[in-house]
Amino acid sequence: PSRGLGDVYKRQVNSGLFLLHFHKTNGKIKKSMKTKKFCLTENQMPTQWYNIVADMPNKPLPPLHPATKQPVTKEQMSAIFAEELIDQEMSAERFIDIPEEVQEIYKIWRPTPLVRATGLEKALGTPAKIYFKNESVSPAGSHKPNTAVPQAYYNYKQGIRRLTTETGAGQWGAAIAFAAKHFGIDLQVYMVKVSYEQKPYRRLMMNTWGAECIASPSTLTASGRAALERDPNCSGSLGLAISEAIEVALQHPEDTRYCLGSVLNHVILHQTVIGQEAVVQMEMADAEPDVVIGCFGGGSNFAGLGFPFLRKNLTEGKKIRIVAVEPSSCPKLTRGSFQYDFGDVAGFTPLLPMYTLGHDFQPSDIHAGGLRYHGAGSIVSQLLKDGLVEAQSLPQTETLAAGILFAKTEGIIPAPESTHAIAAAIREAMQAKEEGTPKTILFNLSGNGVIDLYAYEQYLAGALKDYAPGDAEIAKTVSRLEQLI
């Protein structure tokens, strides 16, 4: 019998595609089957990315040049990004074709399965139906290759021979290393120091695919040296790692460009293959979600799953709730300010309209390293401002407890980032139980936690603490921003 959320022992028979239920009828054992996993064929893969900007009632404000405070031009951004990626960044076209070369690499792991979490439902005793989109099946173990592959492809087409990037927990670094290898591009990754030390096997994945991985802050850049001068024990942040990567790219404009794993419009665009597949798969399941949930760092996996369902709200009048879940320790959506801010610490990026804690904000050293970012993407920020999506923040001990329950009931150890979505799904399911009402919940399992076991070790040992910044701490970094909105 179940002994609570953290101690579930229920016998299940799982044959892969089907959960088998046995019952006795007229003295005979009779077998019935409920579909558990919904799979598409390669022929059903999306051939276009969906750009939600085309359907937004209020378009996101433009990025601004920090010196002139005027909208940035393609020419100004071309020193950092590949030209076709800039076109996508600025596009308001509803659908953008996925190149055949990208589709062929996608087929290594796409389409990804949609799974009914029947084991979790039973453990919770909820009337809710819980589904998850399993993005953990990619070679890098997360959703990140969905954008890494096209970013590497467009840089390759332009003749770029070297890329720089940042990574938090290492999922993005591993994904772009995998993608860069496919196109013969050299890669230098600046990995947030706390994750570099906590997750050595992620950097080894990058090394295996041929990438150089450097702990950030480093002594290789002016940005890194300045951070170490301020604090020799600085554990790093995504904003600082971005500064280091962009600084290096700007020093070599002839053959080097920068890639980003979240936040920007073109990154979110590429991730919509997740939600487009899920829309079809939910139809296969004869279900429509009441709520769609994704963990939130910069917005890529949340938007990737949620935006194709949000399109139903915007164009068909549906009322599907789209919920972003961030860590309580880095609460830009729930406690940040909607302002123009830099995407990095040193101020190399354009000024972006975003919900932000201020680019000087130093997140605590939680294990969900991919969510330790001070700001949110412009599109998600505008949608939140307009009340078209929701945001929640959760403490890391609750999220890791949810991850352990999910592992016990569904067999997959989730990445610490993904446990935020699982914990929010559990809250929704328990609310349905308390109210005695049915509910259909869909969340994104954005990555597996096979290389994040240290986080689980620390949780099981009782060594992890919850942290939320005080109002004064947030106000201090937000108050430094120039008021442009």
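Modeller: One term before we start: a residue is called buried when its relative accessible area is under 20%. Also, keep in mind that this is a predicted model.

Biologist: Thanks! How many residues of H10 are buried, then?
Modeller: Of the 14 residues in H10, 12 are buried, so by that under 20% cut-off the helix is mostly covered. Among them are Leu 238, Ile 242, Glu 244 and Val 248.

Biologist: And what covers them?
Modeller: The cover includes helix H9 (222–230) and several strands, among them E8 (162–167), E9 (186–192), E10 (212–216) and E11 (256–258).

Biologist: What span should H10 have, and how far apart are its ends?
Modeller: H10 covers residues 238–251, and at 1.5 Å a residue it should span 20 Å. The C-alpha atoms at its ends are 20 Å apart, which agrees.

Biologist: You mentioned E10. Is that strand enclosed or open?
Modeller: E10 is largely enclosed by the rest of the structure, because four of its five residues are buried. E10 also pairs with E9 in the parallel sense, over five bridges. In that pairing, Tyr 190 stands opposite Ile 214 of E10.

Biologist: New topic: what is the strand order in the open sheet of seven strands?
Modeller: The order is E3-E6-E7-E17-E12-E13-E16, and the pairing is mixed. At the edges are E3 (37–38) and E16 (390–394), each pairing on one side only.

Biologist: Which way does E7 run relative to E6 and E17?
Modeller: E7 (residues 129–134) runs parallel to E17 (residues 440–445), joined by six bridges. With E6 (residues 114–116), E7 is antiparallel, and three bridges join the two.

Biologist: Is E7 mostly covered or mostly open?
Modeller: Mostly covered: five of the six residues in E7 are buried.

Biologist: Last one, the surface. Which residues make the nonpolar patch?
Modeller: Leu 61, Leu 484 and Ile 485 make a nonpolar surface patch of about 220 Å².

Biologist: Where is Ile 485, and how exposed is it?
Modeller: Ile 485 lies in the segment after helix H19 (471–478). Ile 485 has a relative accessible area of 46%, so it counts as partly exposed.

Notes. Residues are numbered from 1 along each chain as its sequence is written. This is a predicted model: local features need pLDDT of at least 70, side-chain atom pairs count only at pLDDT 80 or more; totals for chains, interfaces and linings use all residues. Side-chain values use heavy atoms; hydrogens and water are left out. The expected span of a helix is 1.5 Å times one less than its number of residues. Buried means under 20% relative accessible area, exposed over 50%, partly exposed in between (1.4 Å probe, protein chains only). Contact means heavy atoms within 4.5 Å. Patches are made of residues with over 30% relative accessible area and no salt bridge: like charges are joined within 9 Å, nonpolar side chains (Val, Leu, Ile, Met, Phe, Trp, Tyr) within 5 Å. Accessible areas come from the Shrake-Rupley method with a 1.4 Å probe; for residues, only the protein chains shown count as cover. A salt bridge is a side-chain nitrogen of Lys or Arg within 4 Å of a carboxyl oxygen of Asp or Glu. Two strands pair if DSSP finds at least two bridges between them.
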